[in-house]
Amino acid sequence: MSQFPGTSGTPGAPGMPADPAVARRANRLMIAVLAVIAALLVVRAWVGTEVGSGADAQVVHGYGMVFVEQQGAGHVQVPAAEWAQAVAADPAQQRVMVSWPRTVGVWAAALLTLAVLSFLWRDNPVYKLAESVVVGVSAGYVMSTAVWSSLVNQVFGKLAPGLTKAYLSPGLTTTESDWWALVPLGLGMLLLCRLSARLSWVGMFPLAFVVGVFSGWRFVQYVESDLLAQVATMFDPLYVAGPTAAATVGGTLCAVLVLVGVLTVLAYFFFSLEHKGPVGGAARIGVWYLMITFGASFGFTVMGRIALLAARCEFLFDDWLWLIDPAGKH
Amino acid sequence: MATHAGHASIFARLDRIDRRWIFLAMFVAVAAPILWVGVTGKTFPEAPTPAVQGAFDAVESLPSGARVLVSMDFDPASAGELQPMATAIVRHCALRGHRICTMTLWPAGGPIIDGTMQDVLGDRPDYRYGEHWVNLGYRAGFEGVMKQMNSRVSLAYATDVRQTPLERIPMLEGITGIADFDLLVSISAGYAGAKEWVQYSVSPTLTGSKPLRFVAGSTGVQTPQLIPYYPNQMAGILGAIKGAAEYEYLVNEAVRKADPSAIVPAKFQEAQRRMAPQLFGHVLMVALIVLGNVVFFGLRNREARA
């Protein structure tokens with residue numbers, strides 16, 4: 001395997017083997033492990049997976065199979081056991097069948113998941129491909145959604161409702177033109193002038209409009225929601241009566257801790273006085289509060305990342321490999 | 001630090017450990033419990049925290065037929081964390097007979113809404129579109145959409161996703177501004193999401209005659225930013241997958257309490273299933289942090305002695 005210069009997977013990079021010989025051995029070990037896993041999967045696919053029960057049981061060879069049932073004009077995903085039951089009743093039936101497009105979709109999702117995870121081994125072309133696919137698909141989806149949601153319905157639909165309804169958006173309900181839509185359209189067109197070196201100054205006007213509007217909104221809402229409302233919370237009673245004595249003690253303790261935390265953290269960020277004596281003591285307590293806050297944030301972040309990994313693992317084991325069936329999909 | 005592996009101390013060896021062993025250990029810590037839960041079907045019991053209980057009570061205390069606006073402000077990248085809570089809240093609303101209005105401020109949120117409603121209401125033919133639930137879909141504009149909805153929902157959404165004008169949708173009869181909803185729920189992965197809903201739509205109503213009740217569900221990364229708003233500016237908060245698991249537990253317990261013979265479908269225990277990998281993943285993280293500190297101080301002492 002070739003190394004990719006400048007990537008985090010090169011020997012000697014932090015957390016990577018410094019000795020190229022060690023790195024080569026690690027690569028060989030990895031390839032061997034992957035080969036064993038691939039061989040096991042091939043054997044399992046050849047043996048097959050039994051779906052259904054009793055006399056209806058059928059063997060499915062392969063992974064990521066998705067079965068659908070025809071309902072009206074469309075198809076609805078059904079458990080593999082339903083397919084087994086339908087085939088047992090009538091081997092020639094076409095009502096419940098394998099959906100090859102959906103099966104390919106599961107395979108694509110599984111391979112892209114593995115491709116992204118391969119970055120943990122080191123940067124590689126497969127990861128780059130997956131990354132590009134994700135970025136490209138996301139950008140394309142967002143752009144097409146924005147065009148239809150904003151440009152077609154909100155601008156064209158208001159300026160030329162008849163034409164828009166006839167050629168672009170049959171469900172449009174607007175019947176009369178709203179010429180005010182020319183204002184955002186004009187501002188948007190001016191914004192495109194930023195692409196030209198000679199006319200880029202024209203693009204400053206819509207940009208100033210956007211920045212001004214958002215600054216105004218945010219200033220007012222931050223003051224109302226994050227300053228005044230939070231200050232008002234500080235005037236809540238420190239004694240918090242609960243349904244039990246323990247709840248009362250707990251609630252009161254929490255209220256006192258919040259008050260102490262606010263005052264000491266403010267003391268830490270108050271630089272007009274030297275952090276000595278009582279102010280210095282309060283600031284040190286404030287630092288502890290900040291550290292605990294950062295720790296809690298880190299803990300929440302870890303939880304979020306593990307949740308995402310768990311979701312992908314469950315997808316691989318359940319939808320793709322059929323090793324488990326927690327949701328009764330098979 | 002030792003220069004030769006054969007003579008290196010245990011601390012030096014650990015200091016130079018290939019990081020891929022850490023990745024492998026984390027993968028095993030997460031994957032093994034998933035397989036165990038998948039095979040046995042067992043989940044851990046949950047003890048709901050006050051913030052999650054507050055969210056549950058906010059939905060539970062509404063009279064049947066109340067109108068709940070659910071904004072699913074996330075995309076597939078965060079679905080592993082947020083989808084279970086979206087499913088649990090919508091399911092809870094449906095079990096209580098509330099009327100549900102869905103929307104999203106994220107372009108990729110549309111399919112998320114479709115999937116959630118199909119999962120929850122797919123086997124509920126009594127829940128008719130337009131009468132019991134409606135999907136407004138995606139609208140670009142972030143805070144702009146919120147500001148418009150504060151005064152008139154129809155300013156932001158002239159029609160629902162099926163191009164039906166709002167005034168012809170029975171369940172939205174009498175809804176003018178966002179404060180006319182009985183509860184606002186935002187399940188969000190970032191900007192624009194729960195924080196902006198608090199700032200732009202909830203806080204302005206707090207001093208008015210009808211404060212808008214608000215419940216948030218958020219990713220782990222975003223949760224610490226939202227906690228200061230609880231309980232004065234939001235009735236409850238579902239923090240990350242743990243919050244989702246607690247909420248699921250509360251809803252499932254309510255179902256079992258109403259009908260002891262009821263079997264909770266596995267698709268409504270997704271967050272609870274994810275708690276076993278969380279446990280082992282966190283234990284590993286704590287162990288690695290402790291080990292890292294032991295190695296750090298061990299090496300420092302060694303150098304000081306040398």
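Helices (H or I, at least four residues) and strands (E, at least two) are DSSP runs, numbered from the N terminus. This is a predicted model, where local features need pLDDT of at least 70, side-chain atom pairs count only at pLDDT 80 or more, and totals for chains, interfaces and linings use all residues. Residues are numbered from 1 along each chain as its sequence is written, while chains are lettered from A and ligands numbered from 1 in the order in which they are written.

**Another cis peptide bond**
- Most peptide bonds are trans, and most residues other than glycine have a negative phi.
- The bond from Tyr230(B) to Pro231(B) is cis, with omega near 5 degrees.
- Pro231(B) belongs to the loop between α9 (223-226) and β6 (236-239) of chain B.

**Positive phi angles**
- Trp322(A) is not a glycine, yet has a positive phi of about 60 degrees.
- You will find Trp322(A) in the segment after α9 (277-320) of chain A.
- Phe142(B), also not a glycine, has a positive phi of about 50 degrees.
- Look for Phe142(B) in the loop between β3 (133-138) and α6 (143-151) of chain B.

**Surroundings**
- Trp322(A) is partly exposed because 19 other C-beta atoms lie within 10 Å; buried means 20 or more within 10 Å, exposed means 12 or fewer, and partly exposed is in between, with C-beta atoms placed from the backbone.
- Phe142(B) has 17 C-beta neighbours inside 10 Å, so Phe142(B) counts as partly exposed.
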